[in-house]
Amino acid sequence: MVTITIQELTKRFGGSVVLSSVNLQIEAGELFFLLGPSGCGKTTLLRHIAGFYTPDEGKIWFDDEDVTRLPAHKRGTGMMFQSYALWPHLNVAQNVAFGLEERKRPRKEIEHRVAEALDQVKLDGLGSRKIQQLSGGQQQRVALARALVIRPKCLLLDEPLSNLDAKLRLEMRTEIRHICKQHGLTAIYVTHDRDEALSMADRMAIMEAGKLVQVGTPTEVYRNPATRMVAEFIGETNFVEGRTLRESSWAGFFDVETPFGTLRGRSNDSTWQPAPGQPVVLSIRPEAMTFANLTDSPNRFPGHIVDTTYLGPTVQYLLQVQNGPLMKVCEINPQEIRPPSQEETRAMAGMNDVVILRK
Amino acid sequence: MSKSLSILIFLVMTAFFACFFAYPIWAALEAAFRGPDHKFTLEYISEVFLNELYREGLWNSLIIAVWTTLGSLAIALPLAVCYVRFAFPGRALLNSLVLMPMILPPFVGAIGIKAMLGQAGALNSLLINLGLMDAMHPTDWLGQQRMLGIIIMEVLHLYPIIYLNAAAALSNLDPALEEAAANLGCNAWSRFWRVTLPLIMPGVFAGGTIVFVWSFTEMGVPLLFDYDRVTAVQVFRSINDLSGNPFPYALVTVMLVFSTLFYLTSKLFFGNSSASGGGRATTGRETIKLPVWIGWACTAFFAGVTFLAVLPHLGVVLLSFSKDWYGTVIPHSLTLEHYHDALGHELTLSSIANSLKYSALAMLVALILGIGVAYVSVRTRIWGRQILDAMAMLPLAVPGIVMAFGYLAMTREGQPFHWLMLGEDPLLLLVIAYAVRRLPYVVRSAAAGFQQVSPTLEEAAQNLGARPEKALWRITLPLVAPNLVAGGLLAFSFAMLEVSDSMILAQQAAHFPITKAIYSLVLSLGSGPNLASALGVWAMIFLAVTILGAGVILGKKLGALFRG
């Protein structure tokens, strides 16, 4: 189990900068997520840690060992590839045994550990199968066993669940997290699936255009997104543009002037206070909006419902706010479903759920 | 395309194969196994193994085939690895140049080799000039080591087939498969042996099989080296007393058995898809930048191999321009006379015309058949389509000399196909022989095209009201046209330089194609070899232009055509 430290990492492909001065520390035993839209550099960063790329600038440390120039085969990481990269000329057991053979373990030990690893991923007895005879889910488990059996310093996962169907994906989320925690593994997991990240991560980094935009726990990132991009990427949200009026009578809350009235909210960052007159963006999650009457909140959105979407567990409404934007409002399995109508309907949001972002 | 039309195509193809592929082989086998009393006999076959001369021929053919295959592997594998993995100066250009030998007929190159390695040839002159050899006792390089000469000639001709296969297999390999090994602690060297090589083996062996069968049955090179102790040449020599002599048929049968056995073994071991390629690539492969001097070493390696391979043909070019080339490193004086004479010589002009006629017709036949087979096997789900596809690839495994004897056997007087002889004109037979033997290239090329063009494009046309045939004509055919052109060009150019069928089936000078004309010119006295060289240069230019054309049209997919 190692602590991974990344310092000022920069990488250019051709003329374009794919990673730009990335600084990051991943603690020992942490399940860390790299999250971002495609092309943001998250896989490139992972491949630097695995040793498949050498940075143009910057350093990578495993504990206090500088591994920046260490070739991939000497790093001792265990990687799960998006395509699984299982070797079609070797059977299941031979695939799993490969890393142990490279480490020149005695034959007895290899057999024992391969069986143990296959057992752990629930593939016991399938050691002599050919790779082509396995289903996608089974192949994914072989890839996991192959990476785990060497007892890696850290586990690297490159969108490991993207080729599975929805149900298997849910199952494997729990299982991968369980295995990582059971072994106390430092693990870095690349994905563009926010649900995967929110449900599994200890901490995560959101990347955009080769830069880290925010690093934090799922709760921190979801509740206090650093930028408009993060707020939008990590979940559905409504944006309202406005201008700070003043600090409100409630400590820590600010009044913001918008085209349809004054809203009260909190800053996304405890170290930053919006100054009066400063243009800001408010982020309000659909599930924070309610048609109930919140007596202690000044945040009212008068308007009418233009669209209703029934999603089973939730119902999503599109609310046309008077003199304001279209806003999403989400209700959890309500008794009564409101149809679209011209009738005036008022939604509200708690002061804590209105998050003020720098513009 | 409607189902009935597919079935019609299937039946026509099957009938054609039955008549012109299976039946001739059967006819050759029959002649080998049927005694004078029309009863089954093993006498001729066993005589092949008992007769010392025949046994020696077979043994020598095997030795030549084994060493040619090993030699080609030794050259082609490192070349392919360098090309796919590393960036070095001149990489793109050298990748094309290194393929050149394939289009240079080794049969013609042998003339050049003889001019350079003969007792009064360029090499000896160079050594004498340098004072390394006694002018009174020049070494007879070819006299002593003719078999070595043949092997070198064939290696230098055939290595591109393995190179193309290996390079294609390497670049199709998902880089993640190697990265996974590196990630698990495997260094570059052991990664190559444990992961890369096993995974590209099917490709390498597919190429190796073609090289083996090709060199095992090669007739042109040993003929020009005057080396009679290989089976193919023994067969050719016995052609004159063919009527009633069963031994050529028996020899040909033994060759067929050896080739087929080898082909099947390699299919059995490496043909099953379990160890092929390993799926789509998920990450791009980056070529590794080498330190300057290693990069230049790669460049030198490529350039050196190309130069060696082209050397014999440089000899041919020099010979075709030379007034006299005897006892000097390069010819004393140059002349265009031979080109002029070549165009005036009765044999050359008629042979060029003949070859153009035979090859163009053969290309047409191969294209029609090839498109049919490829379409049925890629686009339809009718029963037996894989069998059809496999059948169309079989000519790769069957030596040309076997087919040639099969055609001879099936058109003997009294046989049902005797009319194909058209009296003494080999036109029909040669066209069929060329077409059948080059069919695999056309089929692979067309099939690759059909696989790339999604059937939904055609369905969209049908959805908008086009009849199925019209949709095929207006949508799919234009899209696969480059593949068809490339396949056709390959079929054409290989037909132009085909040796074994041409030597055996064309018996009268008036019907000689280019290759047989070159051979008979080499044998004639005086300026014969120079004339032959001039004719050979014409042929090489022809071939270079067509294959480069095919390469440009097909791009990287050229390699896909040479897989067994």
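A polar contact here is a pair of N or O atoms within 3.5 Å, where within protein one must be able to donate a hydrogen and the other to accept it. In this predicted model, the interface of chain B and chain A holds eleven residue pairs that meet this rule, with both residues at pLDDT 80 or more. Helix H10 (175-183) and helix H11 (188-216) of chain B each supply at least two residues of the side of chain B that touches chain A. That side of chain B comprises twelve nonpolar, ten polar and six charged residues.

Charged pairs also cross the boundary. Three salt bridges are found across the interface of chain B and chain A. In one salt bridge, the side chains of B:Arg194 and A:Glu101 meet at 2.4 Å, N to O.

The size of an interface is often given as the accessible area lost when the parts come together. Chain B and chain A bury about 2,200 Å² between them, and 57% of that area lies on carbon and sulfur atoms. In terms of residues, 28 of chain B are in contact with 26 of chain A.

Within chain B, helix H1 (residues 3-33) packs with helix H20 (residues 427-452) at an angle of about 110°, their axes being 11 Å apart. Angles of 65 to 115 degrees count as roughly perpendicular, so H1(B) and H20(B) are roughly perpendicular to each other. From H1(B), B:Phe16, B:Phe17, B:Phe20 and B:Phe21 meet B:Ile432, B:Val436 and B:Leu439 of H20(B). The contact of H1(B) with H20(B) consists of seven nonpolar residues, with no polar and no charged ones.

Note on methods. Residues are numbered from 1 along each chain as its sequence is written. Chains are lettered from A and ligands numbered from 1 in the order in which they are written. This is a predicted model: local features need pLDDT of at least 70, side-chain atom pairs count only at pLDDT 80 or more; totals for chains, interfaces and linings use all residues. Side-chain values use heavy atoms; hydrogens and water are left out. Axes are lines fitted to C-alpha atoms, for helices over the stretch in contact, and angles run from 0 to 180 degrees between N-to-C directions. Helices (H or I, at least four residues) and strands (E, at least two) are DSSP runs, numbered from the N terminus. Angles under 35 degrees count as roughly parallel, over 145 as roughly antiparallel, 65 to 115 as roughly perpendicular and the rest as oblique. Contact means heavy atoms within 4.5 Å. Ala, Val, Leu, Ile, Met, Phe, Trp, Tyr, Cys and Pro count as nonpolar, Asp, Glu, Lys and Arg as charged, and the others, Gly among them, as polar. Buried area is the accessible area (1.4 Å probe) that two parts lose on being put together, summed over both. A salt bridge is a side-chain nitrogen of Lys or Arg within 4 Å of a carboxyl oxygen of Asp or Glu. A polar contact is a pair of N or O atoms within 3.5 Å; within protein, one must be able to donate a hydrogen and the other to accept it, and residues adjacent in sequence count only if both atoms are side-chain atoms.
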